[in-house]
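Visitor: I would like to go through a structure with you. May we look at it together?
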Amino acid sequence: MHDDITLTTGRAHRVLTERIWPAVHETSVPLEVEWHALPGEPIPPAEGLALAMQPYEVGTPWGPAWGTTWFRLTGTVPAEWAGRTVEAVVDLGFDVDRTGFQAEALVYTPDGSPVKSINPRNQHVPVADAAAGGERVELYLEAASNPVLLGHNVFERTTEGDTATSSPHPLYTTRRIDLAIFESEVHDLALDVEVLLELQAELPTGPRRMRVLQALDDALDVLDLQRIPETAAAARAALADVLASPAEHSAHEISAVGHAHIDSAWLWPVRETIRKVARTTSSMADLIGRTDDFVYGMSSAQQYAWVKEHRPEVWTRVKEAVASGRFLPLGGMWVESDTVMPSGEALVRQFSQGQRFFEREFGQRSHGVWLPDSFGYSPALPQLVRRAGFDWFFTQKISWNQVNVFPHHTFWWEGIDGSRVLTHFPPMDTYNSQLSGEELAKATRQFRESRRATGSIAPVGYGDGGGGTTREMTGRAKRLASLEGSAKVRWEHPDAFFERAREELVASGTDDSAVWVGELYLELHRATLTSQHRTKQGNRRNEQLLVEAEAWAATASARTGADYPYEELDSLWQQVLLLQFHDILPGTSIAWVHREAVAQHAAITEGAQAIIERSLRTLVGDGEVALRANPAVFAQAGVPALGVAPASAPAAAPSTLEELPDGGYLLANEQVRVTLDAAGHVTSAVDLASGREAVAPGREANVLQLHQDFPNKWDAWDVDRFYRNSVTDLREAEKVTGTVEDGVAVVTVHRQFSASSLDQVITLAPGSRTLEVDLRTDWHETEKFLKVAFPLDVRAEHVAAETQFGFHKRVTHTNTSWEAAKFETSMHKWLLAEEPGFGVGLVNDSSYAYDVTREVSEQGVAPAPGVPEVTTTVRLSLLRAPRFPDPETDQGLQTHRYGLVVGADTAVATEAGATFGARPRELRGAAGFEPLVGVAGGVTLSAVKLADDRSGDLVVRVYEAHGRRASGAVTVAAPVSGARTVSLLEDDVDGGEVDVTADGTVTVELSPFEVRTLRFALA
């Protein structure tokens, strides 16, 4: 036979697109339309329904950027349509390739009941399953004219991302607002043809493919293109046999779950996300009601809370769907947060706030963590996931790697403490599956655990901007349940998938080949650790303030009986947790989002400070004694951790400052001696105890460096390796002055460059081994990257960087492509370059990124013949200036604090990092007080708070910070009647009872990086 494959497929594609799909709503009559465009922000639906309306003609432009327009649709079902399924069809001017990224609407009945949403891929509204004929139709649309910011010209600079700069002109023009007959047989035919077309495209040339192609030709031969509704059944009959042929017994199994992945903010503000969630959940509740087996999963307790607060009429439907077991609360977190930058305590609150909400509202908890789209995953996460009571972890983002292909899809992920969690990546590499033939074939082809496991997960639905699963997707799933040549598809709760996957891995033996140890580093979006510095600065500040507020409030409650501010703390934490969403904290949202984030962080700071000041005032009483409160978890300034003592002068001798003949300065104290050149750069930093020099010979540290920064795409997200190819050292200084203030040596440096300027205040305090730099930058650059470099005289094979509850070591070489890809990596408050016997640390108050390079001098050159000289250069990332999606990213005044810790190990670096951002508070009162909780031995304190269940129990969290086994003790300086170990969610655990002495002391034995939560019953 001749090869007619392309003839058949070309025919089928055109008929499907141009004839069959349009015939689904072929018979229609126009609806009468009225409208009311709101002048500003959205209003509650009850108010929208009551608006005065004006006549509207389809084809009239509507909707400026971020506007809301209410439409009223009215009409009558023609009498001759009696017994037919009738729907409204609404095209607001959609681009079907931009679902979730443009206009959309939520449909209401006159009594305020939500029906479903409409969007580019979901334009129908049910009216009657079996019309009587002659009935009146009245529907209301709350339509949002959101601008397309990620359009066909992707990453193009735009001012539409904020109402302050967006266009007032209409963005959309309606094309169709009709009442139509829904031809269900035609719809089924369209899905039959579509599924088979996609199937054959993935099959090898052979009998199965040929028979599918012949069936398609046979079906199209009997389909009358001028009478499609009348001949659709005959065409379907021609396809019945090839659709009924079952899948192979060993076919890959797809566990499908409806999904929308609604970003809590991104290319739209939070206020629009609230409406996106209402629209999507309405549609999913409607789809659940129209199917027998479809299940829809949604994460993020915050999104459920928004629906409850802002759209109670939608909330009722969501609760009913959850109760039916087909609307699945997933993930157990407040939001799908970033997991690299948040502190350990913040991640604990993500879990506790999320699970508490699900348990309170639905009587259930999630069993797994669902994070499909965050930009890499911390190596501390496995322990936190397990200690919070979760059984599994799900993501797919690592499939976006630029260089290396991840070797597993179902595997055990091991964290820094040795904890393992069962983890799955969907091999179809998407969280927005449409169950296409290409996706199913890709999942089958790519699945790396086929030797030991049978299936994978498919999150099905339009996402990012919401929309969710469509009836077309559920129709595909029905046809793909068992279809020869395809993977088998079934709707299933992820819990069931993970239970089966666990059994399969266990049955295959204890082979460690399916284990990944350490961070899940995303080889992409590395600049998310730096973009939008003010947002990141607010996050770090408020994480610390809220932990401090909890500790002082718990102390006040235990010591004075003061009320513990549960509601205030919950509210403030929930706001911080929202701002840790994976497009807010990483700095990748529009200007509107970050403008609000900075303002919200300021308000959170004010709220946390109020709790702190109120609690301390209660504790110290009225008086004029000068006191010093230490908010850090380490003693400092003569005050124990979380205690208050009379203020006293530093015990160490004052630092000294000497001006050098070349215009530089020599700063010194009892610990270190630092030399600055005439431009304010560090040319020497000596640890006096060992005599070791920290700065590499002939090099300068604290050198600010400016790079061109224009990645190939994803401007706010990415920094590409070639940025290093061009660099400008900011060496010139307009002014350098030095002085000694209150025993502190101070050197001030002013620099100007390009369109920007900066001031550095460099200080060395008495008794400190940290040279501190307070940097103020007036930043007006375009597509530039600012870093500060420290070339160190340290032969470091690894650099240790703080992560949650410990640190992570990364090699300094680039032997493999995996290591070379990590040219920009994450840190929290400190990092350490160390060789045996000597190390140098860097601490900071608001930075999250660094890079490290190593240089080796030619052998046979100084300092001694045949001895190589190794320089480890560590650079902190400070500021960027991308132009998409926020064209004003980081512009204006920015502040940073960072410090060089001379002569450090992990213990010194941990303490320096903890105290660097938690300076003592000066206050007046009657007297100080001893800390409520103290620790001893190799135990580091993390949190002191009252239990979330409001029982009055005291919760103390500690961890091992240095990667070694530790013995220690935790003492509560208050009457205690009992103590036990609990989970991160403060639940009892098996064997949790612990002995407590009469003085409130509990002995603890910790393994490396172990996190332990203790719960004390206060007598």
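Visitor: How do the residues lining the second largest pocket divide into nonpolar, polar and charged?
Guide: They divide into eight nonpolar, 10 polar and 10 charged residues. Here Ala, Val, Leu, Ile, Met, Phe, Trp, Tyr, Cys and Pro count as nonpolar, Asp, Glu, Lys and Arg as charged, and the others, Gly among them, as polar. This is a predicted model, in which local features need pLDDT of at least 70, side-chain atom pairs count only at pLDDT 80 or more, and totals for chains, interfaces and linings use all residues. Residues are numbered from 1 along each chain as its sequence is written, and side-chain values use heavy atoms, without hydrogens and water.

Visitor: Which element gives the largest share of that lining?
Guide: Helix α3 does, with five residues of the lining of the second largest pocket.

Visitor: And the largest pocket, what is its volume?
Guide: The volume of the largest pocket is about 1,200 Å³. Its lining has 30 residues, and Gln636, Ala637, Ala765, Pro766 and Ser768 lie nearest the centre.

Visitor: Which element gives the most to the lining there?
Guide: That is α18, which contributes five residues to the lining of the largest pocket. The lining comprises 14 nonpolar, nine polar and seven charged residues.

Visitor: Changing topic, how many residues does α6 have?
Guide: Helix α6, residues 270-289, has 20 residues and reaches 29 Å from first C-alpha to last, close to the 28 Å expected at 1.5 Å a residue.

Visitor: Why is α6 largely enclosed?
Guide: Because 19 of its 20 residues are buried, α6 is largely enclosed by the rest of the structure. Buried means under 20% relative accessible area, with a 1.4 Å probe and protein chains only.

Key:
Helix = DSSP H or I, 4+ residues; strand = E, 2+ residues; numbered from the N terminus. Expected span 1.5 Å × (residues − 1). Buried < 20%, exposed > 50% of the residue type's maximum accessible area, 1.4 Å probe, protein only. 1 Å grid on protein atoms, 1.4 Å probe; cavity = no way out; pocket = protein on both sides within 12 Å on 5 of 7 lines; lining within 4 Å. Points joined across faces, edges and corners; volume = space filled by probe spheres on them.
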